Amino acid sequence: MSTITDDLTAAVADAEERYVAANPGSHGLHVERQRSMPGGNTRTVIHVAPFPLTISKASGATITDVDDHDYTDFLGEYTAGLYGHSHPIILGAVREALADGICLGAPNEYEAGLAAAVCERFPSIDLVRFTNSGTEANLLAISLARVHTGREGIMVFEGGYHGGVFFYATAAGSPINAPFPTVLGQYNDAEGAARLIAEHADTLAAVIVEPLQGSGGCIPAEQGFLEALRSATTEHGVLLIFDEVMTSRLSPGGLQLATGVTPDLTSLGKYVGGGLTFGAFGGRSDLMELFDPTRADALPHAGTFNNNVLTMAAGLAGLTQIYTPDAAEKLNASGDRLRERLTAAAAERDLPFFASGRGSMIGLHFGRPPLRSVADITGDPGVLGALRELLHLHCLEHGCSYGRRGFMALSLPLTEEDHDKLVQAVEGFLDERGDLVRLAA
Ligand SMILES: Cc1ncc(COP(=O)(O)O)c(C=O)c1O
């Protein structure tokens, strides 16, 4: 006799079969990529079973795959795609910069404006430097903290993601993490974190924290947790770094503005570069001035593309002409409404499913709240993985795309009708698959 878990396995196999049949072009390109890239992949997070869709073009909030299916894009390039895929102001800024030539090997006309806009928006940032990725921004911010304090260690939190070499999904951390001595805290455990900071004060250069864990499942930090980090780090002369690579979009000045907790250093990335390759770190001027190249003891920080002209132009246009404080408030309010609707859909059916996050960042979860840290995700990993895949394939069949793990980042061109479409797809899934969803309880 088949069990309900067998039914789940069979449902995933069926859904995969339909997906393979519907996507021959994506399948073929996946096979081709496998010949010269490990597993056909150069970016772990975008690999999904049985193979990812290959996207051939995109416009507004719509992406189109090589088999000519359109999807409403709720992934928003993991927060970098805030402006959508073809905002006329972004395209105009890039075209204008492109027309004047690339690879200038010198300061350009755009970077002062982007730097000024960043400093104006984010309370902790007196001075800023640009990088090519959020990973690099964190590497530089941490390295600066180590130089400034003369200490080596960093404190991170379980479930934290700060880039390809700063990944702490489990206590062990990724085997390719940068080899900094690390103290691991529990997210949202204010007392525990304060205790660890005090215990390790002699060796800690910095505490680095996402004020909402994005990759970990869109888990917001509690106000008391951030305040405890601020006071314990201040007391012990440890620097506090907010990784706002994702969360900088969650208010006009990131979560540091929204919470009133000001770190010493902040890292940025994603949409702040207008949708092009970008990272930045900034903070207190007495720290950042160590990079002033006119100083005899200046810290060196080169980087061929740190100020690449296309990113600088797109980022400047985006931050000053599109993602105004008012636009930020509106986008995040729309995210709050969507999250409530998704959670309500499951609550009305008494099913173990909910949406987490804040503002325009949404995490879909099988299980029940509260979700204060990754330690609260206690379901059978095999069952949770199968349910995530089933929901994802279902939503794709209904024209909605997002990150397989349940990750969504809203973009400006999404409309209320787009939200309705997603809510209907999720409601349909809960109606059809309620028995399987109950396995997550
Ligand atoms: C919080 C956080 N920090 C850092 C990074 C790394 O940024 P990048 O992918 O630009 O290296 C990411 C990427 O998703 C992130 O979510």
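**Close-up views of a predicted protein model**

**Figure 1. The surroundings of asparagine 188.** Asparagine 188 lies in the loop that connects strand 8 (182–185) with helix 6 (190–199); the model shown here and in the following views is predicted. The phi angle of asparagine 188 is near 70°, a positive value in a residue other than glycine. Asparagine 188 counts as buried because its relative accessible area is 4%, under the limit of 20%.

Figure 2. Threonine 79 occupies the loop between strand 3 (70–73) and helix 3 (88–99). Although not a glycine, threonine 79 has a positive phi of about 90°. Its relative accessible area is 0%, so threonine 79 is classed as buried.

Figure 3. The bond from alanine 49 to proline 50 is cis, and its omega is near -5°. Proline 50 belongs to the loop between helix 2 (24–34) and strand 1 (55–59). A cis peptide bond also joins proline 369 to proline 370, with omega about 5°. Proline 370 is placed in the loop between strand 16 (361–366) and helix 12.

**Figure 4. The largest nonpolar core and phenylalanine 353.** This core comprises 74 residues, and those with the most contacts inside it are Phe74, Val118, Leu342, Phe353, Leu364, Phe366 and Leu430. Helix 12 (residues 381–397) contributes the largest share, 9 residues. Another core, of 24 residues, lies apart from it and includes Phe166, Tyr168, Leu239 and Phe291. When neighbours within four places in sequence are left aside, the contacts of phenylalanine 353 include Leu342, Leu364, Phe366 and Leu430.

**Figure 5. Glutamate 111 in helix 4.** Glutamate 111 is part of helix 4, which spans residues 111–121. With a relative accessible area of 19%, glutamate 111 is buried, since the limit for this class is under 20%. Beyond its neighbours within four places in sequence, glutamate 111 is in contact with Phe130, Asn307 and Met312. Alanine 145 is 34 residues from glutamate 111 along the chain, and their C-alpha atoms are separated by 25 Å.

**Figure 6. The whole chain, as context for the close-up views.** The protein chain contains 13 helices and 18 strands. Its C-alpha atoms fill a box of roughly 75 × 55 × 45 Å along the principal axes. The radius of gyration is 22 Å, which agrees with the value near 22 Å for a compact globule of 441 residues. Of these 441 residues, 53% count as buried.

Definitions and conventions
Residues numbered from 1 in each chain as written. Predicted model: local features only at pLDDT ≥ 70, side-chain atom pairs only at ≥ 80, totals over all residues. Heavy atoms only, no water. Helix = DSSP H or I, 4+ residues; strand = E, 2+ residues; numbered from the N terminus. Rg over C-alpha atoms; globule rule 2.2 N^0.38 Å. Buried < 20%, exposed > 50% of the residue type's maximum accessible area, 1.4 Å probe, protein only. Core = buried A, V, L, I, M, F, W, Y, C linked by side-chain atoms within 4.5 Å. Contact = heavy atoms within 4.5 Å.
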